Amino acid sequence: LVFCGEGLQLLKPERDRHEALHRLLGSLPYYEIDRVYALASHKEASTYRDDLMVLPMSQSEWSAAEATADIVVNY
């Protein structure tokens with residue numbers, strides 16, 4: 001999973017107006033999703049929630065991943 005734009009707010013440690021979704025994302029490891037990516041600057045990494053492994057991803061890394069993916073779904 002790659003989060004970008006307003007979706008990055010779901011990766012912040014504090015819950016906002018999307019509390020139910022924030023809690024649901026915390027259960028991703030139970031579904032064998034052991035890491036998520038944040039399409040953002042590497043210097044923001046320390047501000048992400050600690051119940052998920054959130055890895056920063058640059059635009060060039062995203063472009064490479066998207067080019068090799070079989071399926072890409074955007075929400």
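Modeller: Let's start with a term. A pocket is an open set of grid points where a 1.4 Å probe fits, with protein on both sides within 12 Å along at least five of seven lines. In this predicted model, the largest pocket comes out at a volume of about 620 Å³.

Biologist: And what makes a residue part of the lining of the largest pocket, and how many are there?

Modeller: A lining residue has an atom within 4 Å of a pocket point. For the largest pocket, 20 residues line it. Leu 1, Val 2, Phe 3, Val 73 and Tyr 75 are the ones nearest its centre.

Biologist: Which helices and strands each supply at least two residues of that lining?

Modeller: Strand S1 (2-3), helix H1 (19-25), strand S2 (36-39) and helix H2 (59-68) each do. H2 gives the most, with three residues.

Biologist: What is the make-up of the lining by class?

Modeller: It has 17 nonpolar residues, two polar ones and one charged one.

Biologist: Let's zoom out. How many helices and strands are there, and in what pattern?

Modeller: The protein has two helices and three strands, and along the sequence they read β-α-β-β-α.

Biologist: Why does the radius of gyration agree with a compact globule?

Modeller: Because a compact globule of 75 residues would have a value near 11 Å and the protein has 12 Å, the two agree. The C-alpha atoms fill a box of roughly 35 × 30 × 20 Å along the principal axes. As for contacts, take those with a separation of 6 or more: residues 24 or more positions apart account for 46% of them.

Biologist: What share of the residues counts as buried?

Modeller: It's 28% of the 75 residues.

Biologist: What makes a set of residues a nonpolar core, and which residues are in the largest one?

Modeller: The members must be buried and joined through side-chain atoms within 4.5 Å. The largest such core has 12 residues, among them Phe 3, Leu 8, Leu 10, Leu 25, Ala 38, Tyr 48 and Val 54. In soluble globular proteins, nonpolar side chains tend to be buried together. Take Ala 38: leaving out residues up to four places away in sequence, Ala 38 touches Phe 3, Leu 8, Leu 11, Tyr 48, Val 54, Leu 55, Pro 56 and Met 57.

Biologist: How do you know that Leu 10 counts as buried?

Modeller: Buried means under 20% relative accessible area. Leu 10 has 11%, so Leu 10 counts as buried. Leu 10 sits in the loop between S1 and H1. Beyond neighbours within four places in sequence, Leu 10 is in contact with Phe 3, His 18, Leu 21, His 22, Leu 25 and Arg 49.

Biologist: His 22 is on that list. Why does His 22 count as buried?

Modeller: Its relative accessibility is 5%, so His 22 counts as buried. His 22 is found in helix H1. Not counting residues up to four places away, its contacts are Leu 10, Lys 12, Pro 13, Glu 14, Arg 15 and Arg 49.

Biologist: Then what makes Cys 4 partly exposed?

Modeller: Cys 4 has a relative accessible area of 44%, so Cys 4 is partly exposed. Cys 4 lies in the loop between S1 and H1. Its C-alpha is 7.0 Å from that of Ala 40, 36 residues apart along the chain.

Biologist: Why is Glu 32 called exposed, and what is its phi?

Modeller: Exposed means over 50%, and Glu 32 has 75%, so Glu 32 is exposed. Its place is in the loop between H1 and S2. Its phi is positive, about 60°, although Glu 32 is not a glycine.

Biologist: And how do you know that Asn 74 is exposed?

Modeller: Its relative accessibility is 65%, so Asn 74 counts as exposed. Asn 74 lies in the segment after H2. Asn 74 and Val 2 are 72 residues apart in sequence, with C-alpha atoms 9.5 Å apart. From Leu 10 to Asn 74, 64 residues apart along the chain, the C-alpha separation is 16 Å.

Notes. Residues numbered from 1 in each chain as written. Predicted model: local features only at pLDDT ≥ 70, side-chain atom pairs only at ≥ 80, totals over all residues. Heavy atoms only, no water. 1 Å grid on protein atoms, 1.4 Å probe; cavity = no way out; pocket = protein on both sides within 12 Å on 5 of 7 lines; lining within 4 Å. Points joined across faces, edges and corners; volume = space filled by probe spheres on them. Helix = DSSP H or I, 4+ residues; strand = E, 2+ residues; numbered from the N terminus. Nonpolar A, V, L, I, M, F, W, Y, C, P; charged D, E, K, R; others polar. Buried < 20%, exposed > 50% of the residue type's maximum accessible area, 1.4 Å probe, protein only. Contact = heavy atoms within 4.5 Å. Rg over C-alpha atoms; globule rule 2.2 N^0.38 Å.
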